[in-house]
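Reader: Hi! Could you walk me through this one?
Author: Happy to, let me put it up.

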Amino acid sequence: KEHGALAGKRVLVTAGGTVERLDPVRYLTNDSSGKMGFAIAEAAKVMGAEVTVVAGRTSIDAPAGVNVVRVESAQQMLDAVLERFEESDIVVKSAAVADYRPVTRHGQKIKKSGEMLTLELEKTTDILQTLGERKTHQLLIGFAAETEQLEKYAMDKLKRKNADLIVGNDVSLDGAGFNGDTNIVQLYGPEGLIEAMPLLSKRETAQRILTVASQRMAKGAAR
Ligand code: PMT
């Protein structure tokens, strides 16, 4: 019954982990495989949307039939997303974006010297927050990857980043979070908990998130 629920809509999804380079051969990244973001892109396509996925480092191929834009760093992801934000109806920020990056990107391989090496890191721009400040008509969906106090932190992110929905993801649970084919999430809106999902495939999780999103679009909740 969900077929066509997003017909005529443009959906922008971010997937995977960002890569922050330290020198020509070393970088900081995280465990994101891209599976959750790609599942959302795929589900949106099945529901009739025109889909673009901005993908960082991923361990699987992107789904067929969606536009794929490859990026590395949080800054590149920000630029790619901002370029396509205006024309998007729904934006889903499932990527695991670096919160900090090395202050200096060394041109040459860092040589081994003393016993200790201190890396200096600086904050990256928060993409979701930037979109929350700029949104006009878009339905903005963020994630909150947490290991404790899921509801509190998810609601805090929803308000602070001006998102319309937050997918709360307790990544400490078995079968949830990074890398696997399943997830366990709780969907929050401005009113609080909307749906606490059981352990489901990432595909089914994605379908349920987008079903709620399409209902809210239809109601004009984003405007
Ligand atoms: O890719 P998989 O292996 O399938 O794993 C899926 C997942 C665990 C990565 C995914 O389900 C998930 O939880 N993604 C969000 C990870 C994350 O960065 O969460 P966060 O709580 O640190 O960030 C909150 C939100 O702000 C996220 O929507 C994030 O994309 C966004 N953010 C964070 C930092 C930043 N600089 N810019 C951002 O936009």
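Reader: Thanks! In which hand, left or right, does α2 pass α3 in their crossing?
Author: The crossing of α2 past α3 is right-handed. Before we go on, please note that this is a predicted model.

Reader: Noted. At roughly what angle do the axes of α2 and α3 cross?
Author: Helix α2 (residues 74–85) and helix α3 (residues 127–134) cross at roughly 25°, and their axes come within 10 Å. Angles under 35 degrees count as roughly parallel, so α2 is roughly parallel to α3.

Reader: And which residues make the contact of α2 with α3?
Author: On the α2 side they are Met77, Leu78, Val81 and Phe85, and on the α3 side Ile127, Thr130, Leu131 and Arg134. By class, that contact has six nonpolar, one polar and one charged residues.

Reader: Nice. Changing topic: which residues of α4 are buried?
Author: In α4, which spans residues 150–160, the buried ones are Leu150, Ala154, Lys157 and Leu158. Looking down the axis of α4, these buried residues fall within an arc of 100°, so they line one face of the helix.

Reader: There's a lysine in that list! What do the buried residues of α4 pack against?
Author: Their partners are the strands β9 (139–146), β10 (165–170) and β12 (185–189).

Reader: And what does the face of α4 turned away from its buried side carry?
Author: That face has the exposed residues Lys152, Lys159 and Arg160.

Reader: You mentioned β9. Is Ile141 in that strand buried or exposed?
Author: Ile141, which lies in β9, counts as buried because it has 25 C-beta neighbours inside 10 Å; the cut-off is 20 or more.

Reader: What does Ile141 touch?
Author: Leaving out residues up to four places away in sequence, Ile141 touches Ile90, Val91, Val92, Lys93, Ala163, Asp164, Leu165, Val167 and Ala213. Take Val91: Ile141 is 50 residues from Val91 in sequence, yet their C-alpha atoms are 6.0 Å apart in space.

Reader: Last topic, the backbone. Where does Gln149, with its positive phi, lie?
Author: Gln149 is in the loop between β9 and α4, and its phi is near 40°. Gln149 counts as exposed, since it has 10 other C-beta atoms within 10 Å.

Reader: Which residue just after α4 takes a positive phi?
Author: That's Asn162, with a phi of about 55°.

Reader: And what about Asn179, what is its phi near?
Author: Phi of Asn179 is near 80°, again a positive value in a residue other than glycine. Asn179 lies in the loop between β10 and β11 (182–183). With 12 C-beta neighbours inside 10 Å, Asn179 counts as exposed, because the cut-off for that class is 12 or fewer.

Reader: Great, thanks for the tour!

Technical notes. Residues numbered from 1 in each chain as written. Predicted model: local features only at pLDDT ≥ 70, side-chain atom pairs only at ≥ 80, totals over all residues. Helix = DSSP H or I, 4+ residues; strand = E, 2+ residues; numbered from the N terminus. Arc of directions from axis to C-beta. Contact = placed C-beta atoms within 7 Å. Axes fitted to C-alpha atoms, helices over the stretch in contact; angles between N-to-C directions. Parallel < 35°, antiparallel > 145°, perpendicular 65-115°, else oblique. Left-handed = near helix turned anticlockwise from the far one by under 90°. Nonpolar A, V, L, I, M, F, W, Y, C, P; charged D, E, K, R; others polar.
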